[in-house]
Amino acid sequence: MSYSDSDSSSGASDYKNFRQISRERLLYEMLRSAKMKDSKSTWKVLIMDKVTVKIMSYSCKMADITSEGVSLVEDIYRRRQPLPSMDAIYFIQPTKENVVMFLSDMSGRTPLYKKAFVYFSSPMSRELVAHIKKDSTVLPRIGALSEMNLEYFAIDSQGFITDNGKALEDLFGDEENTRKGDACLNVMATRIATVFASLREFPFVRYRAAKSLDSTTMTTFRDLIPTKLAAGIWNCLVKCKSIPNFPQKETCELLILDRSIDQIAPVIQEWTYDAMCRDLLNMEGNKYVHEVPSKTGGPPEKKEVLLEEHDPIWLELRHAHIADASVRLHEKMTNFVSKNKAAQLQQGSRDGGELSTRELQKMVQALPQYSEQIDKLSLHVEIAGKINRIIRDQGLRELGQLEQDLVFGDAGMKDVIKFFTTNEEVSRENKLRLLMILAVIYPEKFEGEKGLNLMKLAKLPPDDMNAVNNMRLLAPPSDGKKSLAGAFSLKFDIHKKKRAARKDRSGEQETWQLSRFYPIIEELVEKLSKGELSKDDYPCMNDSSPTFHSTSQAASIYEAPVAHSMRSKRTPTWARPRGSDDGYSSDSVLRHASSDFKKMGKRIFVFIVGGATRSELRVCHKLTGKLNREVVLGSTSLDDPPQFITKLKLLTAHELSLDDLQI
């Protein structure tokens with residue numbers, strides 16, 4: 001029996017991206033290596049708990065698991081059938097309950113399984129190790145006892161979550177509960193540290209510093225969230241240094257932020273294909289349900305498809321503006337029809353011309369390939385068409401234009417009032433999102449009666465206004481505790497320029513209408529990469545010297561792509577060339593992905609406490625190409641606007657009633 005961290009020898013010849021490393025560690029380092037040299041049994045049982053089963057499902061498909069010799073997947077807390085001739089792999093969290101269940105399975109005269117290969121998702125305590133060693137009947141039946149150090153959920157090739165879905169409520173709630181908050185941050189820190197242990201990366205840990213208005217103002221628990229999390233991660237990383245092949249010097253950068261840095265990104269309309277699918281199509285996770293013609297000639301049948309990275313068209317178009325995606329899909333369909341014989345014949349038959357026997361024969365010969373390709377392409381044509389209809393029917397272009405004008409200071413209060421009075425058909429949720437953006441830019445306009453009047457104008461119920469009012473809990477100290485003096489002076493300065501929450505990006509060309517907005521993390525990551533991020537606002541845990549993170553130091557991190565992660569060199573998946581080899585095969589995206597990034601700089605990790613957005617994930621993919629450094633986004637959860645709004649409503653301990661609002 002060995003008690004050590006699992007190590008992988010995934011050669012240094014091909015760089016693997018973040019999610020590929022996670023997947024390969026689970027499949028090869030854990031499942032494939034779990035066997036005794038003299039073992040004759042081919043098939044194994046995989047036993048997991050409710051957390052590790054989610055970790056596995058985000059990184060691997062059932063077919064991947066089966067191909068590594070797993071014939072049965074079991075829940076550790078369910079009653080299980082004894083299989084004494086088979087070996088078992090336990091992938092579990094290092095909790096006392098899990099260890100008790102494992103010992104119960106393998107102890108006594110008749111254990112459930114022949115041998116047990118035990119892999120813990122995060123570091124286990126000495127007490128639990130001692131507890132296992134105490135049971136003399138179990139020890140000879142253990143084939144491996146290791147820490148996988150993999151307790152995060154790889155939701156994207158460059159994104160992960162710690163699955164702290166209640167982080168916003170626990171950490172930013174109206175009634176501060178430091179005990180609950182600290183417990184939430186401890187779990188978060190442990191899981192984030194396993195990202196670096198898994199990738200064999202040791203980061204410079206930067207975090208947003210707590211700020212108070214002046215020396216008399218106390219910093220709150222809320223203000224200290226990034227500081228506390230940075231300290232927790234640092235404590236975990238120090239322990240990681242004993243892991244074999246873990247670097248002793250810094251190999252990458254980590255920037256810790258919270259949701260207060262950008263309150264607009266979670267609610268503004270995001271116009272990319274990916275975000276529009278999630279926002280407008282009522283998808284469940286990555287699952288999209290559509291109707292296809294019946295093969296038997298009956299009514300249309302419902303079919304479920306997964307919009308994931310294995311679909312090359314999705315991979316190419318997901319971060320494109322919806323207008324750009326629609327144009328590209330039209331081009332693909334046109335090119336496909338012009339190059340595919342069966343498609344031409346199909347098109348010809350629709351034009352009313354009769355097909356000859358020879359033509360029918362040709363059509364049948366080409367049909368299998370045509371059917372598979374046209375299915376994928378027509379699926380995305382259907383989705384894009386549906387999104388464009390919803391945009392038109394709900395008047396989202398006008399709404400989107402107003403949102404962006406507000407953010408960039410080209411529109412103000414009067415424009416919003418005019419919009420509400422002239423656009424009755426706008427949905428309740430979209431009106432709420434517009435008011436939330438307004439509340440971030442003009443918080444004083446929501447005080448007392450003024451907030452109630454806006455609510456009446458928008459015809460929103462008190463429950464919705466609760467979400468608007470709770471935006472103050474996410475405001476940074478300099479905004480949230482602002483005196484009314486500044487707001488008062490606005491009444492007299494009629495010619496004052498409208499307030500802006502963003503500045504136009506110099507050198508950034510707006511190719512498509514409504515693509516002007518950018519999340520704040522885009523600016524922060526670029527500054528971090530250039531060594532221009534303020535060390536006062538974003539101090540570093542690694543070094544307290546005043547010269548730390550000077551421009552020259554950060555520049556050297558950028559320019560030296562040689563010594564990074566001990567795990568592997570990089571081959572990212574995000575690259576998306578505009579023109580495919582033909583009208584259909586976006587497979588070129590996958591084929592050329594590795595060649596574009598042979599020389600990558602050191603990774604940048606950004607972690608946002610309180611939920612990340614699809615626009616922030618998109619920006620990380622964009623900056624990977626721009627900075628030539630893989631940018632990985634981490635967060636407690638990935639939230640679409642409806643989820644974020646629901647969480648925001650829960651921040652206040654008691655919901656407002658009609659009496660409270662004095663209507």
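R200 sits in the loop between α7 (178–199) and β9 (203–207). R200 is not a glycine, yet its phi is positive, at about 55°. R200 is also buried, with a relative accessible area of 1%. Here buried means under 20% relative accessible area, exposed means over 50%, and partly exposed lies in between (1.4 Å probe, protein chains only). Most residues other than glycine have a negative phi.

The structure is a predicted model, in which local features need pLDDT of at least 70 and side-chain atom pairs count only at pLDDT 80 or more, while totals for chains, interfaces and linings use all residues. Residues are numbered from 1 along each chain as its sequence is written, and side-chain values use heavy atoms, with hydrogens and water left out.

N149 also has a positive phi without being a glycine, near 55°. N149 belongs to the loop between β6 (142–147) and β7 (153–156). Its relative accessible area of 3% makes N149 buried. The table sets out the two residues.

| Residue | Phi | Relative accessible area |
|---|---|---|
| R200 | R200: about 55° | R200: 1% |
| N149 | N149: near 55° | N149: 3% |

The protein as a whole has 26 helices and 14 strands. These are DSSP runs numbered from the N terminus: helices are H or I of at least four residues, and strands are E of at least two. Of the 663 residues in the protein, 53% are buried. Among contacts with a separation of 6 or more, 80% join residues 24 or more positions apart; a contact means heavy atoms within 4.5 Å. The protein exposes about 30,800 Å², of which carbon and sulfur atoms supply 51%. Accessible areas come from the Shrake-Rupley method with a 1.4 Å probe, and for residues only the protein chains shown count as cover.

Helix α18 (residues 462–469) is mostly covered, with six of its eight residues buried. The buried residues in α18 are P462, D464, M465, N466, A467 and V468.

K386 is found in α13 and counts as partly exposed because its relative accessibility is 31%.
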